Amino acid sequence: MSHNAVNPLVSSYATLLGAAPTVMGILTGMFFGVALAMRPFAGPITTRINHRRLMIFVFYLGCFVNIGYALFHSFVPFIIFRVFHGIQYSLIGSLCFTIAGDSLPKEKMASGLGIFGAGGAITSAIAPSIGIWLRDYGASVKGDHFGYTLVFLLGALILLLAVIPSALLVKKDPIERDKAAMGKWYTQIATKHAIAPTIVIFLLITAYSLYSSYMVPFGAEAGIPEIGAFFTVLSICMLLSRPLSGPLTDRLGLRRVLLPAILIFAASFIIVGSAATKFVVFLGAVVAALGYGSANPAVQSMCIQCETPARRSIASNTLYIGIDLGYFLGPILGGVIKEYASYRQVITIGVIPALLAGTAFLISYRSFHRRQVYLDSL
């Protein structure tokens with residue numbers, strides 16, 4: 001909720017601070033870059049520290065970061081708190097993902113992760129619109145900076161509240177991890193068995209980040225009002241597609257679900273990039289949700305099932321290396337394109353990494369299947 005209220009506004013906030021388009025892209029993706037740099041530490045930390053205590057810490061850290069955003073309105077403090085935000089993000093994603101994977105039986109993995117993803121879809125449906133509305137309200141009352149301050153304070157409050165359910169997690173991790181099986185700390189950074197799903201998710205996130213980072217300025221440039229509703233339509237449809245795609249993946253198999261989903265997702269960039277009306281933009285949101293909402297749980301399931309239960313947190317950390325890299329490079333790619341073209345071209349270019357994701361999956365599927373046969377024999 002906090003992330004989805006704040007992050008779509010970072011690019012426009014950076015512009016308010018006076019950033020050029022390329023610098024805007026760097027500031028937007030900065031905390032994903034920091035999160036990527038933190039992965040060598042995040043993997044061993046998530047593996048060795050009690051998940052309940054770690055969850056409480058990262059939510060307090062996120063609260064601190066958003067308060068910092070709210071108090072200071074200049075480049076240097078913003079960059080400093082972006083770094084702390086990246087540290088927080090490097091821990092929270094893989095931590096939640098690992099807890100979810102530990103809670104699920106293998107035969108329900110894709111279905112359960114689809115439901116897990118629905119939690120994010122619910123907040124994605126409402127948080128961007130709330131953030132945009134709150135920014136606009138604050139700007140009308142006391143200027144643009146005050147509008148962003150209200151959004152950042154909302155983000156801090158939500159993360160403070162998130163400490164409550166974190167404290168209710170069981171004090172003992174559900175799965176006792178075999179330290180000998182996990183090896184030395186540096187072997188807990190990443191696993192080669194999760195490289196294939198990591199490449200696929202990296203390319204999908206690179207494409208998706210263009211939506212999350214540039215839809216607001218795209219709407220302003222194209223003269224399409226109420227563009228924040230794009231995120232609402234996208235998330236409502238993902239709320240439906242994610243829980244449904246999981247059982248389909250468990251029943252039909254990974255290849256029959258993931259490849260069509262990626263192709264549908266790629267088509268959405270052509271639809272949105274060519275849109276001139278709200279109707280077409282919202283149609284693109286529906287198509288994007290069907291594609292991305294179906295592909296994401298499938299790739300997550302692919303990742304979790306490529307390792308033994310004791311090393312799932314390591315597979316999760318590997319996957320989030322790809323996620324961080326995609327969210328870091330995607331906005332920078334968009335910023336570079338914006339230097340020479342329009343926001344319409346920034347959105348349309350997302351079709352390329354999406355199609356490359358499908359190609360990467362086809363190339364890697366056979367080796368993934370062999371890994372599955374081996375793990376089933378243990």
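Author: We can begin with a definition: buried means under 20% relative accessible area, exposed means over 50%, and partly exposed is in between, using a 1.4 Å probe and protein chains only. Cys-63 counts as buried because its relative accessibility is 11%.

Reader: Before we go on, what sort of model is it?

Author: This is a predicted model, where local features need pLDDT of at least 70, side-chain atom pairs count only at pLDDT 80 or more, and totals for chains, interfaces and linings use all residues. Residues are numbered from 1 along each chain as its sequence is written, and side-chain values use heavy atoms, with hydrogens and water left out.

Reader: Back to cysteines. How many disulfides are there?

Author: The count is 0, where a disulfide is a pair of cysteine sulfur atoms within 2.5 Å. The closest cysteine sulfur to that of Cys-63 is in Cys-96, 16 Å away, so it is too far for a bond. For Cys-96 the closest cysteine sulfur is in Cys-303, at 15 Å, which is also too far for a bond.

Reader: Is Cys-96 buried or partly exposed?

Author: Cys-96 is partly exposed, because its relative accessible area is 23%.

Reader: New topic: helices. How are two packed helices described?

Author: By the angle between their axes and the distance between the axes. Axes are lines fitted to C-alpha atoms, for helices over the stretch in contact, and angles run from 0 to 180 degrees between N-to-C directions. Helices are DSSP runs of H or I with at least four residues, numbered from the N terminus.

Reader: What is the angle between H5 and H14?

Author: Helix H5 (residues 75-102) and helix H14 (residues 312-340) pack at about 135°, with axes 9 Å apart. That makes H5 oblique to H14; under 35 degrees counts as roughly parallel, over 145 as roughly antiparallel, 65 to 115 as roughly perpendicular, and the rest as oblique.

Reader: Which residues of H5 and H14 make the contact?

Author: Among them are Tyr-89, Phe-97 and Asp-102 of H5, and Arg-312, Tyr-320 and Tyr-327 of H14. Contact means heavy atoms within 4.5 Å. By class, this contact has 6 nonpolar, 7 polar and 3 charged residues. Ala, Val, Leu, Ile, Met, Phe, Trp, Tyr, Cys and Pro count as nonpolar, Asp, Glu, Lys and Arg as charged, and the others, Gly among them, as polar.

Reader: And Gln-88, is that buried or exposed?

Author: Gln-88 is buried, with a relative accessible area of 5%. Gln-88 is in helix H5 and, leaving aside neighbours within four places in sequence, is in contact with Val-58, Leu-61 and Gly-62.

Reader: How do H10 and H13 pack?

Author: H10 and helix H13 (residues 278-304) pack at about 150°, with axes 10 Å apart, and are therefore roughly antiparallel to each other. Where they meet, the residues include Leu-204 and Tyr-208 in H10 and Ala-288 and Asn-296 in H13. The contact of H10 with H13 has 17 nonpolar residues, 1 polar and no charged.

Reader: What does Asn-296 touch?

Author: Not counting residues up to four places away in sequence, Asn-296 touches Ile-201 and Arg-242. Asn-296 counts as buried, at 8% relative accessibility.

Reader: Last one: where is Glu-226?

Author: Glu-226 lies in the loop between helix H10 (195-222) and helix H11 (229-252). Glu-226 has a positive phi of about 55° although it is not a glycine, and at 58% relative accessibility Glu-226 counts as exposed.

Terms used. Helix = DSSP H or I, 4+ residues; strand = E, 2+ residues; numbered from the N terminus.
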